[in-house]
Amino acid sequence: MQSGRSCLAIILAAGEGTRMKSQRPKVLHEVAGRSLLAHALASVAGAGAGAVVVVVGPDRPEVAREAQALLPSVQIAIQHERRGTAHAVLAAGAALAGGYDDILVAFADTPLVRPETFRLLRGGLAGGAAVVALGFEARDPTGYGRLVIKDGVLEAIVEHKDATPEQRAVRLCNAGLMALDGKHALAILEAIGNDNAQGEFYLTDAVATGLSRGLSAVAQQAPESEVQGVNDRAQLAAAEAEFQRRKRIEIMVEGATLIAPETVFFSHDTRIGRDVVIEPNVVFGPGVSVADGAIIHAFSHLEGAEVGPGATVGPYGRLRPGAKLAAKAKVGNFVEIKAAEIGAGAKVSHLTYIGDATIGADANIGAGTITCNYDGFFKYRTVIGAGAFVGSNSSLVAPVTIGDGAYVGSGSVVTRDVPADGLAVGRARQIEREGWAKAFRENSIARKSGAEKSGGAKFGEAKSGAAKTPD
């Protein structure tokens, strides 16, 4: 961040995005659980922008709502006619006249630009340039505008179709992002003309316009992967892949083990501690934190959850929003936890649903246990005390409390509170009848034999007068 310099960021989000073939505006599609627009807003904020204007189209109020929800102080400008990038920036003319030192121009459909790169652009302004353009070394520069640099000075941005053979040999291409000196930005933008085949006002012409006024222009550079834009679903997937590549490296560098990194997917805000082990095919939705030493086994899905130190999840575990696992808690295979706290050392080992509940330390929840938390209208809470034992295949009908150290017999339906250290058994009485199975088999064999001889009854059907199954 440039000390002492004020900064205005203008994010262009008025494109129609027709190639996405979607009812949703392009900039509201997501990478790593966050909209493209949100990525851009976070990046310019990280670069020190104290004020932000988002330029939207007149027919996309949902883009403005998203911007305001993400950043209540944001200013919204409407580009009523789509007449080029410089025209879009001028839609924020009132803010441009606000006396800011630095003006950053960003694109809402370029979600991977790091705050460090925007700070690099600001650094060019602090060094005395009036225009700073961002370039990248393209693997295949065909179709991109070229940055023409001589003796460290940016002389022009030349479109591919207008470039000479010598200029086409240049691999430094225009990324589109730009920074302008706030003292000259409005004058430069207003002086840009539209004398071109499309009749549009191009932001790239800010370089030539600034130079014609005796001002200086320079270029800064970023990796090609960082400045990739999103115009269709394939490019959206490519941006997602690049984000995930970055995030995996970041998490491993910080001390976590990913057994098969390419199979693990993170959200933009996932936080992973040291000595965490993440097995293959795990998905982290938004709002997940995993503390040191935890293990996330294969094929688990976590969202809005906190996993404490040394806890284990899965395989095939699902943590939904509000799930909180304390230290060394265990959530095993095919277990779903929602809006529930699992105490230190507690075990929910397999085939279980725990929702809207509190489970005390060292409690043990048997296989097939269900918290019946919803009556079709309202949700209710289950509280299970420390050291309690809930036998397999039990249904706990909320609201209900099972006291510390209590025991629930397997197969119970618990509808009333269980006192501490008490026993609850809520199931039908078992009845035994000696010899029943033998009589049943013999009777069934006789019925089958008679039916086959007569041909008058299908297998499994009793003929008239056939003996009944013993009670």
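What radius of gyration does the chain have, and what value would a compact globule of 471 residues have? The chain has 33 Å, whereas a compact globule of 471 residues would have a value near 23 Å. The model is a predicted one. Along the principal axes, the C-alpha trace spans about 110 × 60 × 40 Å.

The secondary structure comprises 10 helices and 33 strands. Of the 471 residues in the chain, 45% are buried. Contacts were also sorted by separation along the sequence. Among contacts with a separation of 6 or more, 43% involve residues 24 or more positions apart. The chain exposes about 22600 Å². Carbon and sulfur atoms supply 52% of this area. Charged side chains number 49 positive and 50 negative. The centres of the two sets lie 8 Å apart.

Aromatic side chains were examined next. A pair of aromatic rings is described by the distance of the centres and the angle of the planes. The whole structure holds 6 aromatic pairs. One of them joins Phe299 and Tyr316: the ring centres are 4.9 Å apart and the planes meet at 5 degrees, so the pair is stacked.

A second stacked pair is formed by Trp436 and Phe440. Here the ring centres are 5.1 Å apart, and the planes again make an angle of 5 degrees. Both residues belong to helix α10 (residues 436–454). Trp436 and Phe440 are 4 residues apart, so about one helical turn separates them. Trp436 is partly exposed at 33% relative accessibility. Phe440 is partly exposed at 32%. Phe299 and Tyr316 also take part in a cluster. Together with Phe334, these two residues form one aromatic cluster.

Val218 lies in strand β11 (residues 217–221). Is Val218 buried or partly exposed? The relative accessibility of Val218 is 21%, so this residue counts as partly exposed; the cut-off for buried is under 20%. Leaving aside neighbours within four places in sequence, Val218 is in contact with Ala129, Val131, Val132, Ala133, Gly152 and Leu154. A residue 21 positions away along the chain, Ala197, has its C-alpha atom 27 Å from that of Val218.

Thr382 lies in strand β27 (residues 382–384). Thr382 is buried, because its relative accessible area is 0%. Which residues does Thr382 touch, not counting those up to four places away in sequence? They are Asp356, Ala357, Thr358, Thr371, Leu396, Ala398 and Val400.

A cis peptide bond joins Ala398 and Pro399, with omega about 0 degrees. Pro399 is in the loop between β29 (395–397) and β30 (400–402). Another cis peptide bond runs from Gly314 to Pro315, with omega near 5 degrees. Pro315 is found in the loop between β20 and β21.

Where does Asn281 lie? Asn281 is in the loop between β14 (277–278) and β15 (283–284). Asn281 is partly exposed, with a relative accessible area of 32%. Ala339 is placed in strand β23 (residues 330–342).

How values were computed:
Residues are numbered from 1 along each chain as its sequence is written. This is a predicted model: local features need pLDDT of at least 70, side-chain atom pairs count only at pLDDT 80 or more; totals for chains, interfaces and linings use all residues. Side-chain values use heavy atoms; hydrogens and water are left out. Helices (H or I, at least four residues) and strands (E, at least two) are DSSP runs, numbered from the N terminus. The radius of gyration is taken over C-alpha atoms; the globule rule is 2.2 Å times the number of residues to the power 0.38. Buried means under 20% relative accessible area, exposed over 50%, partly exposed in between (1.4 Å probe, protein chains only). Contact means heavy atoms within 4.5 Å. Accessible areas come from the Shrake-Rupley method with a 1.4 Å probe; for residues, only the protein chains shown count as cover. Lys and Arg count as positive and Asp and Glu as negative; His and the chain ends are not counted. The place of a charge is taken as NZ of Lys, CZ of Arg, CG of Asp or CD of Glu. Rings of Phe, Tyr and Trp (its six-membered ring) pair if their centres lie within 6.5 Å; planes under 30 degrees apart count as stacked, over 60 as edge-to-face and the rest as tilted.
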